[in-house]
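Visitor: I would like to learn how to read a structure like this one. Could we take a few features in turn?

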Amino acid sequence: MGKNMKQWMAVIMVAVLLIPLFRIPVWAEDTYENRVHVIVENTTFGTAAGAPWEGRRVETWVTIDETSTGLTVLEEAVGGAGNLDVQDGYYGKYINGIFGIAAGDGGSVGDYGYNPAGWLYAINNTMASIGIDQCSVAAGTLSGGDELSLLYSLDGGPDIGYDWSDTSQKALKSLAISTGVLSPAFSSGITDYTLTIPAEADSILVTAEAENMSETVTMWVEEREYKRAMNIPVSTGTRLQIRCSNGTEETVYSLYVKKAEALDTAGMYQDVLRVISNGLTEESCVYGNEWAIMTAARAGALKQEQADAYYRSLEEAVQELGSGTLDSRYATTNARVILALSAMGKIPSDVGGYNLLQPLADMDYIAGQGANAAMYALLALDSNQYEIPAAPAGTTQTTREGLIQMILNAECTGGGWTWSGDTAEPDLTANALQALTPYYNTNPSVKEAVDRGLQALSAIQNPDGSFSNWGIENACSTAQVLTALTGLGIDPASDNRFIKNGYTVIQALDDFYVKGSGFRYDFSSDDIDLPFSTIQAGYALAAYHRFTKGQNQLYDMTDAFLAQPGTTEEASVSTTAAGKDRSPATGDSAAVVIWLGLAMAAMAGSVVVLRRNRR
């Protein structure tokens, strides 16, 4: 052998040795292109009742070609035609017996005068309507990736989930995923989910069962259909649709996939502050954009020129309105503005010659908007421990005790708070906890209600650590709970009550984050939600940052006045305000119009966000 030949042989041998060291990717469609998954199962006729066997007898893959039929595939799966009893029927051949269990075994004569027990077969968990020999590759009724199931029934189908007489639209009965955490927990009436999968996962196996096997269940990623037994390639952003159809109607379930990745809370916080700060332009540093102003101020990211521009805009609006009552119906507007001013270290008792605290002295005005307004009023009054002015003649005097009682009276029977009904929901429960936080250690009734509220929040937290409102898993609800927990001194990263399947509230909030852009509201859209989700997530992260640094809570804004020489003496400070612990709320925001570039007059913020959260 020549020298060159020896060198080439050496190269070839090295290549042969190295090949096993490299992973060769195989697409899912290649894996199933020429194979069918076959199951033979008897779950209805037990050995105690005389059956020769029970349970799943066969589960295997069979290679198919253009000549294959359901019958030839089944014969190979069971080890030969000798293990089958095949009969001729009206719709073609049918299976009379498998491994010693024959039609009629274990059954009894029913109302129609015959014994309905026998073998039924399904393709992809939908009961077939043709003979098993007519199910074929040539006819297009059998193809790679299909699942062929032979199931024994004692009553003609209902005991295995098939009722041929029921043609009404059904939903999924169950949904199982091979890996990851489905959120919320599956319920046939819920159609939108998130699926958090491990970072190293690149595919999932989905088993979807219809309420009635007469339904057709298909799975789609974009325009590609995946059969029941196929592993589906997924990554962050994949949207999997599961369609359950009776031929004329269908119920569509959507799974939004996200990979569990390393959490960079500090980076996310700084990035969202940059987005908010950059959004505070000359056009948006105006009255109506209080939440963005407050968030930037509490994070130390509000520039002096931005603060000055907002204050000028507010003065002009108040003077044009000619009243300290910014909205005749919604007390939350005044409360929102007071919070923004306090965050800036500005007193609200003299803005353009008007006292913005004065309208909150009228308890009837607050009560007209409900418990949500009481929460905001308490947050605003306690932000710098303001003294409540005297109420106008003929109105009910507002007191802190009265506001607290209004909130307590609105508590759900089982704990927590809600917009309607009597079942706790996260946003209003979090808002209530934020407002009641300063009184937790001094008022026993408050402590008991807050503890019940925490239990309610823990109970409704999703399996991936997030929170849902009105059936939608969203960033706003998740942010509100994060804000409430930090206000109460609860570490959301370590408190087991708020960690589900290893996922924390902070990790859940991060799932809605789009690096460099902000936060989306939910997973049904990739659009960034600046006025709502980004702002609420921003001040929730500011609250968490303050918690980790041992700083004043988000809504304890007394520290803002310490940095403003000459303003502490000017502010009217109450001698009856209890404590310094603070905590945040949302349910009130007029910022959306500002962020869209429209001028904002006295808007009812709480109604806007309520409408958003009910989306």
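Guide: We can start with a sheet: β9, β12 and β15 form an open sheet of three strands in the order β9-β12-β15, and the pairing is antiparallel. Keep in mind throughout that this is a predicted model.

Visitor: Which strands stand at the edges of this sheet, each with a single partner strand?

Guide: Those are β9 (172-177) and β15 (231-233); each has a single partner strand, so one side of each is left without a neighbour in the sheet. Neighbouring strands here are turned by 35° against each other on average, with direction ignored.

Visitor: What holds the strands of a sheet together in general?

Guide: Strands of a sheet pair through backbone hydrogen bonds, either parallel or antiparallel. In this sheet, β9 is joined to strand β12 (residues 203-210) by five bridges, and the two run antiparallel. To follow the pairing residue by residue, look at Ser174, which stands opposite Glu209 in β12.

Visitor: Which other strand is joined to β16, and by how many bridges?

Guide: Strand β13 (residues 216-221) is joined to β16 by six bridges, and they run antiparallel. In that pair, Thr218 has Arg243 of β16 as its bridge partner. Strand β16 (residues 239-245) is also mostly covered, with five of its seven residues buried.

Visitor: Let us turn to helices. How are two packed helices described?

Guide: Two packed helices are described by the angle between their axes and the distance between the axes. For a case, look at helix α9 (residues 371-382) and helix α10 (residues 400-409): their axes come within 9 Å and cross at roughly 145°. The crossing of α9 and α10 is left-handed.

Visitor: Which residues of α9 and α10 meet?

Guide: From α9 come Ala371, Ala374, Met375, Ala377, Leu378, Leu381 and Asp382; from α10 come Arg400, Leu403, Ile404, Met406 and Ile407. The residues of this contact divide into ten nonpolar, no polar and two charged.

Visitor: I notice a spacing in that list. What is the general idea?

Guide: An α-helix has 3.6 residues a turn, so residues three or four places apart point the same way. In α9, Ala371, Ala374 and Leu378 are among the residues that meet α10.

Visitor: How many residues of helix α5 are buried?

Guide: Nine of the nine residues of helix α5 (residues 290-298) are buried, so α5 is largely enclosed by the rest of the structure. Among them are Glu290, Trp291 and Arg298. Just after α5, Gly300 takes a positive phi of about 75°.

Visitor: What should I know about Pro531: is it buried or exposed?

Guide: Pro531 is in helix α15 (residues 530-549). Its relative accessible area is 11%, and buried means under 20%, so Pro531 counts as buried.

Visitor: What does the chain come to as a whole?

Guide: Its secondary structure comes to 18 helices and 23 strands. Of the 615 residues, 54% count as buried. Among contacts with a separation of 6 or more, 68% are between residues 24 or more positions apart.

Key. Residues numbered from 1 in each chain as written. Predicted model: local features only at pLDDT ≥ 70, side-chain atom pairs only at ≥ 80, totals over all residues. Heavy atoms only, no water. Axes fitted to C-alpha atoms, helices over the stretch in contact; angles between N-to-C directions. Helix = DSSP H or I, 4+ residues; strand = E, 2+ residues; numbered from the N terminus. Left-handed = near helix turned anticlockwise from the far one by under 90°. Contact = heavy atoms within 4.5 Å. Nonpolar A, V, L, I, M, F, W, Y, C, P; charged D, E, K, R; others polar. Buried < 20%, exposed > 50% of the residue type's maximum accessible area, 1.4 Å probe, protein only. Pairing = 2+ DSSP bridges.
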